[in-house]
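Welcome, and thank you for taking a look at this one. Please have the sequence and the 3D view open side by side, and we will walk through them together.

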Protein chains: 2
Amino acid sequence: MSKRERAVTLREVAEAAGVSVATASRACSKPQLVTPETRELVAAAIDRLGYRPNVIAQDLKRASTGVVLVVVPSLSPYFLDIFRGVEAAAAELGYTALVGHSDRRGDREVAFVDRVRSRRADGVILATSVDSGGLHLGRPPMPPVVVALDECGAGYLPSVSVDHEAAAFAATSHLLALGHRRIAHIAGAAGSSMSEHRLQGFRRALAAAGTPLDPELLFQGDFTVEAGERAMERFLMIPHRPTAVFAANDEMALGALRACRRAGLKAPRDLSIVGFDDQRIAALTEPSLTTVGVPTLALGRQAMLQLGRILAGEAVQQKLVLPTKLTLRASTGPPPSA
Amino acid sequence: MSKRERAVTLREVAEAAGVSVATASRACSKPQLVTPETRELVAAAIDRLGYRPNVIAQDLKRASTGVVLVVVPSLSPYFLDIFRGVEAAAAELGYTALVGHSDRRGDREVAFVDRVRSRRADGVILATSVDSGGLHLGRPPMPPVVVALDECGAGYLPSVSVDHEAAAFAATSHLLALGHRRIAHIAGAAGSSMSEHRLQGFRRALAAAGTPLDPELLFQGDFTVEAGERAMERFLMIPHRPTAVFAANDEMALGALRACRRAGLKAPRDLSIVGFDDQRIAALTEPSLTTVGVPTLALGRQAMLQLGRILAGEAVQQKLVLPTKLTLRASTGPPPSA
DNA sequence: GCTCCAAATGGAAACGTTTACAATTGAATT
DNA sequence: AATTCAATTGTAAACGTTTCCATTTGGAGC
């Protein structure tokens, strides 16, 4: 233990000011209940002794901490945008937001939710794949948790998300409209419901256009740049190779782009590429990336507002869905044959 | 307030198990002090009632939280690497690390340090520019704070950093050795001691080589990609333009690179560029970036170890300096005339 | 001058733990 | 059989606040 000297308590302040502890407490937190003179007295004592309230004691008494935890799978700019959205809304509601990253490990997710169970935080926002995470929330009562971005497959947790399926449908339709017929898909991490919805949207768009899906044009990725590279390398070895690729996120689209360049192919001349997420980097690549924009800030903001309602004991809408926006940039164009 | 039902307390567990609160407490935290039978009894009751200890109460009693806060200026991958270093060491020492970002705002830094003053955290690691931040730590006793990456100019806080000046000297010397004589520098944010040390190293290298510094070749940046672009645009307008540029971080080097490409210049053929930090992206740019590697993980790790010592009441070495490493990649070469 | 009331204050009980101390056991030592 | 001791448990006092309740005070209204 530290040999740091004991901190100043409210008792000592009260003594120094010549008032009772109760009055000192009131002077701090409910100034209107105390005469201006006593207020002055206490303020002077606080200043003189360098008193800081012990928030842990306050939290224990008040049975709440004013802290919400935002759990993200990785500390990447994308998720941090969601966090920023949460943070802004949290500030408005008088909460403090802190980030924690789960590294996509279920046990770490549970550890964060446990912080709520053990009263170290008031609520949790999970911007992570709940279903894959093995997050078992155990017996009721359900802790105040809101899922952001993804949704809770089991349906027992409120969520704020986007319609991944519809967005993927739109992205694929864009490629079809440009004239592409052989379109490949690089799927996201297996077991993530986000990945599955995006894949379904892709499938539905092809079906709607009457274009059969060649199983060779489907690659099981995991959201990393490397997966994108491997996928594209595979696609390029197919005799009748695809003229367009729809990746389930920007990172994989980037990997695909890089593999193309290495193979001497230029997008969009030889091949069109579409990403998903509209991460900052998507606008900066060469060529810039056509991608599906996800309203990360709004997602975080709404998740926090939902959580706020839950914490206030209000009822909340179980599923909130925010709109996406297909952003056309330089990586897509008509197929080479056209 | 929430209409959530009151949580199960240790008292209820004790009653259910037919033992005293003290025994129940011991069964949880000091199992060796209790007979196996009682242990069983308590465990069963805990399970039956779904008891979770109230950590806030524990913290209050123990007068410590086991939490350390890592304050970073921005949630960028670079700082998150430092965080990861802290996190790993924290886990070894039995602490939990949480990130907070200050947005380079002094008041936010102070707010985080205040969290330890008000006992919500045991210590703080500041991976941020202390001197510019207006962080006034007020009267003693000094809270347990360690500065990482930067150092505390005023010298009243222990720090773990690298020798920015020597690293900048090495980077500049590399360019000189390649034959460059007109070398420009894009400086970091004004008021950051890191920026100043890097600038000094640059100056000293030129001086050591007997090369005078043209004031036109010095640009005051702020660590952003945009600053790098603007700097390079300025440099390219100079009649006798530089053949090499040393940027105070990778982001600005990237901006410079991009401005070059737009101007139709190719690195390293027409111009050499050196960055600082060796962020992940440095290896992925086209061309890949020659840059000064900063041991971010080790920096975080050592900072946490220092903090651990302080919290244990041990004396610590005031300044710890870790080595950097110049990583040669594809963005540097001999000047065009050579 | 008396009552009544609001405002200001103090005393003390909470909040849910941990732990110092005391009390109770039963076995081992003499 | 008396003594000592370790092991196990219980009682109660903390930790630093907030807040309920009671008490004191000084006017205002009669």
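**Where the chains meet, and where the DNA lies**

Across the interface of chain A and chain B, twelve residue pairs are in polar contact, with both partners at pLDDT 80 or more. That confidence value is there because this is a predicted model, in which side-chain atom pairs count only at pLDDT 80 or more. On the side of chain A that touches chain B, the elements giving two or more residues are helix 3 (36–49), helix 4, helix 5 (77–93), strand 2 (96–101), helix 6 (106–117) and helix 11 (296–311) of chain A. The residues on this side of chain A divide into 22 nonpolar, eight polar and 17 charged.

Charged side chains also pair up across the boundary: there are six salt bridges between chain A and chain B. To find one of them, look for A:Glu87 and B:Arg108, whose side chains meet with 3.1 Å from N to O.

How much area is buried between chain A and chain B? The answer is about 4,400 Å², and carbon and sulfur atoms give 55% of this. Three residues, A:Arg52, A:Ile56 and A:Arg119, supply 14% of the area that chain A buries against chain B, which is more than any other three residues. In terms of contacts, 47 residues of chain A touch 47 residues of chain B.

Now turn to the DNA. DNA strand D is surrounded by 24 residues, and the closest are A:Leu10, A:Ser25, B:Thr23, B:Arg26 and B:Lys61. Of the atoms of DNA strand D that come within 4 Å of the protein, 60% belong to sugar and phosphate.

Some of the phosphate oxygens of DNA strand D can be followed to particular side chains. An N or O atom in the side chain of B:Thr23 is 2.6 Å from one such oxygen.

Finally, step back to see chain A as a whole. Chain A is divided into domain 1 (10–53), domain 2 (66–162 + 296–322) and domain 3 (164–293). Taken over C-alpha atoms, the centres of domain 1 and domain 2 of chain A are 38 Å apart.

Technical notes. Residues numbered from 1 in each chain as written. Chains lettered and ligands numbered in written order. Predicted model: local features only at pLDDT ≥ 70, side-chain atom pairs only at ≥ 80, totals over all residues. Heavy atoms only, no water. Near = heavy atom within 4 Å. Polar contact = N/O pair within 3.5 Å; in protein donor to acceptor, adjacent residues only side chain to side chain. Contact = heavy atoms within 4.5 Å. Buried area = accessible area lost by both parts, 1.4 Å probe. Salt bridge = Lys/Arg side-chain N within 4 Å of Asp/Glu carboxyl O. Helix = DSSP H or I, 4+ residues; strand = E, 2+ residues; numbered from the N terminus. Nonpolar A, V, L, I, M, F, W, Y, C, P; charged D, E, K, R; others polar. Domains from an automatic or database assignment.
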